[in-house]
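Dear colleague,

Here is the structure I said I would pass on. Please look it over before reading my notes below.

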Amino acid sequence: MSADGSAPIDATKRASEARRIETRSPVSGEVIGSFPIADEDAVAEAVARARAALPLWRALPVVERMRRLDGLKPLIEARGEELAKRLSQETGKPWVEALAHEIMLVPIFLDYHRKFAAKVLRRKKAHTPLLLTGKASYIEHFPRGVIGVISPWNFPFQLAIIPMIQALTAGNAVVLKPSEVTPDSGEMIRELFAELDLPEGLVQVVQGEGATGAALCRADVDMIFFTGSVATGRKVMAACAARPIPCELELGGKDAMIVCEDAPLERAVKGAVWGGFANAGQACVSVERLFVVDAIYDRFVEAVQRDVEALRLGGPEEEADVGPMIFKGQLAIVGRHIREAVAAGARILTGGAAVERPGHFFAPTLITDVTPEMSVYREETFGPVLPVIRVRDEEEAIRLANDHVYGLNASVWTRDLKRGLAIASRLECGQVTVNDVFSSVGNPSLPFGGVRSSGIGRYHGEEGLLTFTNTRGIMVDRALFEAEPNWYPYRGKHHGVLELMKGLIRKSPLQLTRGFLRTRKPKNED
Ligand code: NAD
């Protein structure tokens, strides 16, 4: 309920007549939910409601917006466990993962914004060149307006709520279109924001499949923030280009992990296994290409195999380490990559097939002798598969890591931190960790995003806040002169302008002064 006692946020008024999405548990296959689909009109209405709430919200100072958004913290404290369980029910992911990688990010990101957002978004003084002496320059950021957030199913809570927090902090209204695979996560977000003291209608949630997402891109929004696959990202970008409005694309990855000869071995082994199998490998930042230098390859792979074989597969109730594929269709993609790799000479050390039990489970798979021609190397697998590539040395690893259409995230493992940083700086991707895997995603100060097919734009951090703003340059003149040197009339100013240009190039105060005097006072008036 909003502060003025108005009705909870509801973007799908005609819900009772709408087509519905039915969701099934990825663990048991049982039906667990049914959600009305928002059609084109319902989407347009949601956007209109969000737009109507915009003036009240953007007029508030940043600190006041943050104070109100901070209301999410006590809600998370009170309901965090329940939300994590709901999230686990919908996705099959372990409770620990639902809590640590999704719910817990909300207070972390709120704290960052309370500390830094006002500073990032405030008006800043800019340099004014000599020629424009007497003027003052400023840079300002103002909200873009209504942001359409379209989210995927793999981290359905955090990949929706974090960009929403950033967009709202920057003064925008938001319409969220969650994945049709995980609509209940969108409902949780709707419930949480409905409890806050926000202008009525500021946050809207529209449920639906791709068609609802496409309708959102066509609606009266000012920007689309999209997280999902490259194929859909292309369609979203094309739809935004037709308007045109800006879009940010957070797309897939094929992240490299480079293990050097002097790596902290046991830590690197555990990092590789966690990085490859957390969220059952369904992370855009999963380790999907593990490069190990020849000198330690055999020892390393043996230890990785030991740890992969120790992983427990199952649903949240079983306190498993690795859950099911959230989206059933993913089983076929993972299966195809494994089959094609084996046919081309790769070796399965453990796993390698779907598991005979209800739900969508694929056994944690360690696969070696992987080469760049294989689909398991070229395409995003997005499943519990760790492909290992033997390399001569780190130079070969760097070359191979960079020679790919994706460039999202990577990691380097060495006890020589200087060397680690030097390698990190040569990797063409949006984020790199040294002796760690993708923990940087949870650091709200660091920008997040990809290069090449991994996406366009950055969120998180300062850059991420500014993503949700337009920039305005302002210049103020104290009006001491009647006119500027380059204003009318031009007659007689030729030599003055030439002197100004030469004075600027030579940094000659004398020539500049002469130029100013001659242009301020046209020759024919002498
Ligand atoms: P997807 O592209 O199938 O769907 C993403 C969203 O787009 C869904 O909400 C879907 O309904 C919607 N959509 C579908 N067609 C649309 C259209 N024509 N117009 C507008 N919206 C449309 O992606 P997915 O399968 O849900 O997610 C997995 C993908 O997301 C993987 O490739 C993964 O790497 C990527 N991902 C990227 C990041 C990142 O931050 N870079 C994070 C997580 C996931």
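Predicted model: local features only at pLDDT ≥ 70, side-chain atom pairs only at ≥ 80, totals over all residues.

Aromatic pairs

The count of aromatic pairs comes to nine. One of them joins Trp153 and Phe327, with 5.8 Å from centre to centre and 45 degrees between the planes, and is classed as tilted. This pair links distant parts of the chain, 174 residues apart. Trp153 is in the loop between β5 (146-150) and α6 (158-169), while Phe327 is in the loop between α11 (297-309) and α12 (329-343).

Trp153 has a relative accessible area of 12%, so it counts as buried. For Phe327 the value is 36%, which makes it partly exposed.

Trp153 also pairs with Phe382. Their ring centres are 5.5 Å apart and the planes meet at 75 degrees, so this pair is edge-to-face. Phe382 lies in the loop between α13 (375-378) and β14 (385-391), so its pairing with Trp153 ties together parts that are 229 residues apart in sequence. Here both Trp153 and Phe382 are buried.

Elsewhere, ring pairs link Phe225, Phe448, Tyr459 and Phe468 into a cluster.

Charges over rings

Two residue pairs belong under this heading. The charged end of Lys85 sits over the ring of Trp95, at 4.7 Å from the ring centre. Arg357 has its charged end over the ring of Phe361, and there the distance to the centre is 4.0 Å.

A buried glutamate

Glu288 is part of strand β11, which spans residues 287-293. Is Glu288 buried or exposed? Its relative accessible area is 3%, and because the cut-off for buried is under 20%, Glu288 counts as buried. A polar atom of the Glu288 side chain lies 2.9 Å from the backbone nitrogen of Thr381.

Surface patch

Met501 is in helix α17, residues 494-506. With a relative accessible area of 46%, Met501 is partly exposed, because that class runs between the 20% and 50% cut-offs.

Regards

Key: Residues numbered from 1 in each chain as written. Heavy atoms only, no water. Helix = DSSP H or I, 4+ residues; strand = E, 2+ residues; numbered from the N terminus. Buried < 20%, exposed > 50% of the residue type's maximum accessible area, 1.4 Å probe, protein only. Phe/Tyr/Trp six-rings, centres within 6.5 Å; stacked < 30°, edge-to-face > 60°. Lys NZ or Arg CZ within 6 Å of the ring centre and 35° of its normal. Polar contact = N/O pair within 3.5 Å; in protein donor to acceptor, adjacent residues only side chain to side chain.
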